Amino acid sequence: EHSSPAQTEFYQAVEEVLDSLRPILENDEIYRHQAIIERLVEPERQIMFRVPWVNDAGEIQVNKGYRIEFNSALGPYKGGLRFHPSVNASIIKFLGFEQVFKNALTGLPLGAGKGGANFDPKGKSDAEIMRFCQSFMNEMYRHLGPTIDVPAGDIGVGAREIGYLFGQYKRLSGRYDGVLTGKSLLWGGSLARREATGYGCAYFAQYMLEAKGDSLAGKRCLVSGAGNVAIYAIEKLYQLGALPITCSDSSGTLYHADGINLDTLKNVKEVRKARLNIYLDSHPDAKFIPASEYPEDGHAVWRIPGDLAFPCATQNELSAADAETLLGNGCIGVAEGANMPTTQEAADLFLDAKICFGPGKAANAGGVSVSQLEMAQNASMQYWSFDEVDRRLKEIMARIYRNTSETAKEFGEPHNLVLGANIAGFRRVADAMIEQGVV
Ligand code: NDP
């Protein structure tokens with residue numbers, strides 16, 4: 001029953017999960033007797049708060065802040081903070097709900113949470129970003145702790161924001177605790193955390209293809225997004241022998257048939273923090289499609305022919321019409337770097353076509369996994385090398401792939417990794433909840 005009808009994204013995520021849990025709920029009565037679903041869909045705690053701050057013109061601004069502590073059966077609440085004008089309770093709730101299953105699937109000691117604010121970092125000065133982060137933490141700090149709740153970054157929250165948030169946490173609490181991940185390498189961050197989600201997504205695609213006797217070598221890859229996840233998915237795709245030919249941001253889509261030049265992309269997005277069309281200054285042979293020219297029923301990036309698709313920008317960015325075009329163009333696999341980037345109808349089309357489809361819960365779990373490695377390094381006051389973290393990430397992604405595909409086989413739908421990921425994640429968190437009693 002939709003008791004608060006505005007939570008569209010949350011219901012979308014819940015419906016998708018419940019749909020694939022049907023076989024296990026029908027087989028195992030214990031989950032029904034224990035009211036596991038009723039308990040799982042209700043967050044343990046939702047914190048909503050005012051974030052007042054003063055802009056450079058001296059005007060008082062007010063944003064809405066959120067932290068949803070969804071489930072702590074497997075460990076401290078863990079999940080990112082998103083700063084984007086579209087943020088609302090439904091979006092944070094859907095992200096938190098997805099996080100429960102994703103974190104369970106990693107096999108690591110991680111509970112699940114998600115948070116953020118409807119704050120738009122675009123066009124804000126450094127000083128404004130800092131004052132916003134400090135005000136956000138003035139409320140958040142009382143809810144955090146290295147064994148309580150440990151947020152990370154997400155859209156609009158990168159190393160700079162994590163730095164300002166941590167500084168304020170330390171000032172308010174007087175403690176040098178590992179209460180955030182994605183920290184700077186100078187003071188507690190983990191090597192390869194920045195790269196982890198994108199790298200992990202490429203590894204996951206490689207495992208899906210290997211299971212079919214294929215590989216990434218020579219594959220033309222369509223990537224959307226041009227942020228943290230997209231850039232490092234592109235980097236690892238190159239390392240694994242593939243050819244990424246697109247990326248996108250909210251202003252438009254970039255198509256470079258010879259392959260996206262990674263150095264230029266990093267320079268445009270990480271150094272100059274500019275719009276993607278600047279890329280054409282150094283690569284006039286590339287093509288830029290402004291968002292105003294996108295097809296009405298979808299996204300230009302999926303209309304370009306390619307072998308594999310990596311949606312790495314945001315939710316619902318790949319529509320049913322996009323999926324039809326991809327399939328028509330011979331696409332053989334999709335790995336979700338973003339959370340719920342594929343609409344339910346589009347995902348059904350991929351599953352019906354029996355192409356490789358890696359759902360975000362599995363394919364983008366590399367980020368939270370390396371966040372856990374960052375927590376482990378902080379707790380033991382150690383730093384591991386880049387290669388050490390990357391090796392562990394690769395192992396974790398292999399385990400996630402195995403767990404997902406074996407569960408899909410166990411339930412008689414070997415190609416359906418959505419079902420595999422949802423059931424595998426569900427079983428671990430549900431069994432933990434049962435053992436911990438009715439709490
Ligand atoms: P970033 O903020 O670094 O990058 C996001 C990218 O997506 C930017 O290029 C942005 O363009 C684009 N984008 C965001 N929203 C929209 C929109 N509404 N329409 C069009 N383009 C959009 O975020 P991340 O790379 O960290 O996150 C991307 C996705 O991956 C999200 O779904 C996130 O939840 C998910 N994810 C991230 C993890 C991480 O470790 N960072 C871990 C697991 C999942 P522009 O800059 O122009 O807005």
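Guide: Lysine 78 is buried, because 28 other C-beta atoms lie within 10 Å (buried means 20 or more other C-beta atoms within 10 Å of the residue's own, exposed 12 or fewer, and partly exposed in between, with C-beta atoms placed from the backbone). The model is predicted: local features need pLDDT of at least 70 and side-chain atom pairs count only at pLDDT 80 or more, whereas totals for chains, interfaces and linings use all residues. Residues are numbered from 1 along each chain as its sequence is written.

Lysine 78 belongs to strand β3 (residues 77-83); strands (E, at least two residues) and helices (H or I, at least four) are DSSP runs numbered from the N terminus. An unreviewed UniProt entry lists Lys78 under "binding site", together with Gln99, Lys102, Gly153 and Ser371. Such positions follow the numbering used here, feature names are shortened, and the annotations may be inferred rather than shown by experiment.

Apart from neighbours within four places in sequence, lysine 78 is in contact with Asn103, Leu110, Gly111, Ala112, Gly113, Val150, Val368 and Ser371 (contact means C-beta atoms, placed from the backbone, within 7 Å). Serine 371, in helix α14 (residues 366-379), is likewise listed in the record. Serine 371 counts as buried, because it has 28 C-beta neighbours inside 10 Å. With residues up to four places away again excluded, serine 371 touches Lys78, Ala152, Thr181, Gly182 and Arg193.

Domain 1 brings 11 residues to the contact and domain 2 brings 10 residues. On the domain 1 side, α1 (8-27) and α4 (89-105) are the elements that give two or more residues, and α4 gives the most, with 6 residues.

The largest nonpolar core has 131 residues, and Phe204, Ala230, Ala233 and Phe310 have the most contacts inside it. Such a core is a set of buried Ala, Val, Leu, Ile, Met, Phe, Trp, Tyr and Cys residues joined through C-beta atoms within 7 Å. Leaving out neighbours within four places, alanine 233 is in contact with Gly198, Cys201, Ala202, Val223, Phe310, Cys312 and Gly337.

Notes: Contact = placed C-beta atoms within 7 Å.
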